[in-house]
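Please have your viewer open and take the steps one by one.

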Amino acid sequence: MLHLLHANFYALLRSKRFWLSAFLLTAGAAWDAIAQRGMASLNGGALLDSTIVNCAAWQFILLPCLCGLFINTDYHDGTIRCKLTVGRSRAAVYLSNFITVYVMELLFMALSVSAVLIAGAGLTIGNPKNVVLRLAVLLLLFLALTAICVFAAMLISNRSALVVCAMVGLGLMFGGQAICLALESPKVIPDYGGVTMTTNEDGDQTMQYLDKEGNPISADDIPMIPNPSYIDEPLQSILRTANNMQPGGQLWEILWDGHRIFSDDGTQVEIIEYTPRWQLALYSAAVTLLFLGLGLLLFRRKDLK
């Protein structure tokens, strides 16, 4: 196993794709921190809490692509068969690739967080304990994402592995976002025809609501109607649980630090953490073990000729 890991890390450190991705992630994270510094100069204060964890979104896109490229290169160059020819077991080859890809993600996370802290030096972290906890859950969900992508890349020996891994990452990410937004739909919505801006003699602008007939109506008199996009129980709980089990859904739960809850009259009452962090961690561990075990089983039977 150690020899396999040594060979993998040697190939990884010589990969231009790896260093280019690391540079882009680091530069992007530093740019976000600099933007926060600009906001601090304008508003008199800014926090780095969200900036530190937001870099995970780009990592979620890049990691599956690099995983597909890295493992598929072994297939294309015949390296995997060479490893097996010299006596390495299939399980060792599979696990070494899994560890290598996850260590790559750890390096990306370390570089991104370091770039934010350096570029944002002087800015404060509002809730350090919460940020550390969110980062820990992010590392676990990336472990699950790594298991899924390695599973796909190890079982697909042709060039389509990159496309499959990229589509898996994008599908989980944006599918999770779409479900999160759908679940945040309020039960009732205001029913009005439009909005116009009116200007008084002093030049002050006010928002004027119009009813369906185009007549002015005050905001307090706007009727509320049932939202056709609202997802009711028990489907809401089923979708929430299913989305929290997959890495893409967890990503938005962590980046947004919870989700919006609306009262029955359609007003936003608070932002809460619906799913406990420990539960998200258990979901990630379960997904990791599932795809790791299934991948090892199927790779043992895969025809590499």
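This is a predicted model: local features need pLDDT of at least 70, side-chain atom pairs count only at pLDDT 80 or more; totals for chains, interfaces and linings use all residues.

**Exercise 1.** What volume does the largest pocket have?

Residues are numbered from 1 along each chain as its sequence is written, and side-chain values use heavy atoms, with hydrogens and water left out.

Step 1. The volume is about 230 Å³. A pocket here is an open set of points on a 1 Å grid over the protein atoms alone, where a 1.4 Å probe fits, with protein on both sides within 12 Å along at least five of seven lines.

Step 2. Its lining (residues with an atom within 4 Å of a point) has 15 residues, and Ala11, Ser15, Arg17, Phe70 and Thr73 lie nearest the centre.

Step 3. H4 gives the most to this lining, six residues.

**Exercise 2.** Describe how helices H4 and H6 pack.

Step 1. H4 (residues 56-77) and H6 (residues 90-119) pack at about 145°, axes 10 Å apart; helices are DSSP runs (H or I) of at least four residues, and angles run from 0 to 180 degrees between N-to-C directions of lines fitted to C-alpha atoms over the stretch in contact.

Step 2. Contact means heavy atoms within 4.5 Å; among the residues that meet are Phe70 in H4 and Phe108 in H6.

Step 3. By class, this contact has ten nonpolar, four polar and two charged residues.

Terms used: Helices (H or I, at least four residues) and strands (E, at least two) are DSSP runs, numbered from the N terminus. Ala, Val, Leu, Ile, Met, Phe, Trp, Tyr, Cys and Pro count as nonpolar, Asp, Glu, Lys and Arg as charged, and the others, Gly among them, as polar. Grid points are joined across faces, edges and corners, and a volume is the space filled by probe spheres set on the points.
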